[in-house]
Amino acid sequence: MIKLENVSKAYSPDSPALIDANVEIEKGEFVFLVGASGSGKSTFIRLLNREERPTQGKVYVAGKDIVKLSSWKVPYLRRNIGCIFQDFRLLPKRTVAENVAFALEVIGRPKHVVDQQVPAILDLVGLSEKTHRMPNELSGGEQQRVSIARAFVNRPLILLADEPTGNLDPDTAVGIMRLLDRINRTGTTVVMATHDRGIVDTMRRRVIELSDGRIVRDQSGGQYR
Amino acid sequence: MISKTRFLLAETGQNIWRNILLTIASILVVGVSLGLFGASQLLARGVDNATARWEGGIEFVVFMKSDAEQSQLDAIETLLSSSQGQEIDEWVFVDKEQTFEEFTEFFAGDEELLATISVDTMPPSYRIRPTDTNAGAVEALGQTFEARPGVRSVVFAADVIREIQNNASRLTQILLGVSGVLIAASVIVILTTLSIAISGRRNEIEIMKLVGASNWFIRIPFMIEGMVQGVVGALLALPALAWVRTQVIEEFSESDNLRLLEGFRVTDDEFLLISLAVLAIGTVVATIGSVVAVSRYLNV
């Protein structure tokens with residue numbers, strides 16, 4: 001599903017963010033990216049949805065070399081990749097349902113599809129009672145659920161999560177992880193960058209550890225350490 | 001497709017509404033600049049029409065009586081031909097039909113006036129370009145025709161006409177120059193309005209990119225917004241120009257002090273052409289502003 005071949009990324013010549021990364025992630029895997037701030041986790045994630053291009057090496061997603069992808073095709077790549085973030089990135093002037101519907105509307109899905117998919121996904125993330133609330137009326141955990149609903153409503157092959165529990169208290173974080181786990185079980189590949197030792201240690205999934213831009217550990221069923 | 005279109009239009013409407021004051025300012029700038037451009041063209045056409053018979057160095061016109069006899073016409077022509085190469089450089093005969101044609105073309109739309117005239121009532125005339133264009137010499141030459149049988153009057157181009165032509169063309173150029181500067185400013189204003197609209201929606205745009213909205217889907221609402229500004233501005237300029245045409249120019253042509261400007265008119269065809277030019281420039285201005293804005297600020 002995802003393959004990095006000798007990938008290096010440097011934002012400026014003397015400070016490489018990622019050095020010679022070689023990783024292969026199968027369909028349906030759940031992978032934690034761990035490491036200190038600035039170790040290259042976010043860069044890793046941004047390379048996967050073509051927000052960044054590597055300075056060297058090849059990035060394959062779903063069998064395609066996305067480095068060479070022409071810019072007008074990038075949107076079609078991204079329709080197969082859902083993204084969630086530490087800061088949720090919801091649109092403050094739209095309701096919960098509108099935030100989720102937005103993701104379908106802007107890729108031209110017809111209204112009847114939107115009307116059908118949005119309640120279904122909100123039900124899945126446990127927010128069917130709050131469809132008409134505004135984001136600022138929700139707790140952090142609920143906001144993250146909305147953003148997960150938005151990322152997953154188009155049933156992407158891959159879900160990229162950059163510190164999704166970073167702003168949440170531990171109990172709420174557990175709820176979010178359960179949800180991500182459920183999504184992973186539908187066959188969606190999940191790549192999650194995190195600092196949360198507790199979560200990594202309980203879930204016991206594959207762990208890729210980065211340090212100063214290098215992959216220093218790649219262990220299945222691993223711990224945070 | 002329908003839901004796509006509806007979504008894009010709703011987005012555009014929201015953009016314009018959020019940015020309403022700037023949008024109005026932008027429309028007004030476009031309107032004023034195109035209005036000035038149109039006015040310069042109206043003036044130029046009006047002066048051209050009023051002084052048409054004085055073009056090409058024609059310094060005076062000998063109008064014959066409409067019932068002048070052929071022998072009288074022949075006498076004038078013999079005189080003209082014999083002076084050609086001496087006092088007279090060149091001359092043209094304009095017969096009744098031609099005069100009638102010019103007249104009807106000129107006053108097209110004025111049914112009342114046209115109903116009162118016919119080919120027969122038109123005076124034939126000789127348009128004369130003298131060798132010596134010095135005012136005194138021209139007048140002396142012209143007067144020699146005045147006493148001839150069958151001649152109704154001799155009308156001189158006079159310095160006033162020349163002055164009007166010069167002043168009008170200078171004024172036209174100034175208007176054109178100012179409108180040119182304003183049109184360039186319109187592009188910048190549209191560009192800036194759009195860049196503000198874009199930065200006001202950067203969160204939405206970021207999400208759209210993230211979930212895979214196509215580049216055109218992101219661009220189109222802003223492009224439509226820019227087009228609306230240009231086209232609405234142009235549409236505002238048109239009634240203003242129509243007003244200038246009927247009020248100001250009619251006033252001109254009826255003024256007693258400016259008898260010489262009797263023919264100061266803009267025909268329907270000319271007005272249509274000017275209107276189309278105004279619309280076309282509005283569209284071009286909007287297109288340039290929009291394309292530059294989305295390619296510079298949208299970054300998709």
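In chain A of this predicted model, helix α3(A) passes helix α4(A) in a right-handed crossing, where a crossing is called right-handed if the near helix is turned clockwise from the far one by less than a right angle, and left-handed if anticlockwise. Helices here (H or I, at least four residues) and strands (E, at least two) are DSSP runs, numbered from the N terminus.

Residues are numbered from 1 along each chain as its sequence is written, and chains are lettered from A, with ligands numbered from 1, in the order in which they are written. Because the model is predicted, local features need a pLDDT of at least 70 and side-chain atom pairs count only at pLDDT 80 or more, whereas totals for chains, interfaces and linings use all residues.

**Helix pairs of chain A**

The axes of α3(A), residues 96–105, and α4(A), residues 111–124, come within 9 Å and cross at roughly 130°; axes are lines fitted to C-alpha atoms, for helices over the stretch in contact, and angles run from 0 to 180 degrees between N-to-C directions. That angle makes α3(A) oblique to α4(A), since angles under 35 degrees count as roughly parallel, over 145 as roughly antiparallel, 65 to 115 as roughly perpendicular and the rest as oblique. In this pair, V96(A), A97(A), V100(A), A101(A), L104(A) and E105(A) of α3(A) meet V113(A), V114(A), Q117(A), V118(A), I121(A) and L122(A) of α4(A), with two residues taken to be in contact if their C-beta atoms, placed from the backbone, lie within 7 Å. The residues of this contact divide into ten nonpolar, one polar and one charged; Ala, Val, Leu, Ile, Met, Phe, Trp, Tyr, Cys and Pro count as nonpolar, Asp, Glu, Lys and Arg as charged, and the others, Gly among them, as polar.

A second pair is formed by α5(A), residues 140–152, and α6(A), residues 170–185, whose axes come within 9 Å and cross at roughly 15°. This makes α5(A) roughly parallel to α6(A), and their crossing is right-handed. From α5(A) the contact takes G140(A), G141(A), Q144(A), R145(A), I148(A) and F152(A), and from α6(A) it takes T172(A), G175(A), I176(A), L179(A) and I183(A). By class, five of these residues are nonpolar, five polar and one charged.

**Sheets of the two chains**

In chain A, six strands form an open sheet in the order β6-β7-β8-β3-β9-β10, with mixed pairing; two strands pair if DSSP finds at least two bridges between them. The edge strands are β6 (81–85) and β10 (214–219) of chain A, each pairing on one side only. On average, neighbouring strands of this sheet are turned by 15° against each other, direction ignored. Within the sheet, F30(A) has V190(A) of β8(A) as its bridge partner. Helix α6(A) lies across β3, β7 (158–162) and β8 of chain A, running at about 150° to β8(A).

Chain B has an open sheet of four strands in the order β2-β3-β1-β4, with antiparallel pairing. Its edges are β2 and β4 (151–156) of chain B, each with a single partner strand, so one side of each is left without a neighbour in the sheet. Neighbouring strands in this sheet are turned by 20° against each other on average, direction ignored. Helix α3 (residues 70–83) of chain B lies across β1, β2 and β3 of chain B at about 155° to β2(B), and helix α6 (residues 135–146) of chain B packs on the sheet, touching β1, β3 and β4 of chain B, with its direction making about 170° with that of β4(B).

| Strand pair | Sense | Bridges |
|---|---|---|
| β3(A), residues 30–34, and β8(A), residues 189–193 | parallel | four bridges |
| β1(B), residues 60–64, and β3(B), residues 125–130 | antiparallel | four bridges |
| β2(B), residues 88–94, and β3(B) | antiparallel | six bridges |

**Contact between the chains and confidence**

The contact between the chains takes 14 residues from chain B and 17 residues from chain A. On the side of chain B that touches chain A, the elements that give two or more residues are α1 (2–18), α8 (202–211) and α9 (215–254) of chain B, and the largest share, six residues, comes from α8(B). This side of chain B divides into seven nonpolar, five polar and two charged residues.

The predictor gives the complex an ipTM of 0.90 and a pTM of 0.73. Where pLDDT is low, the predicted coordinates should not be read in detail.
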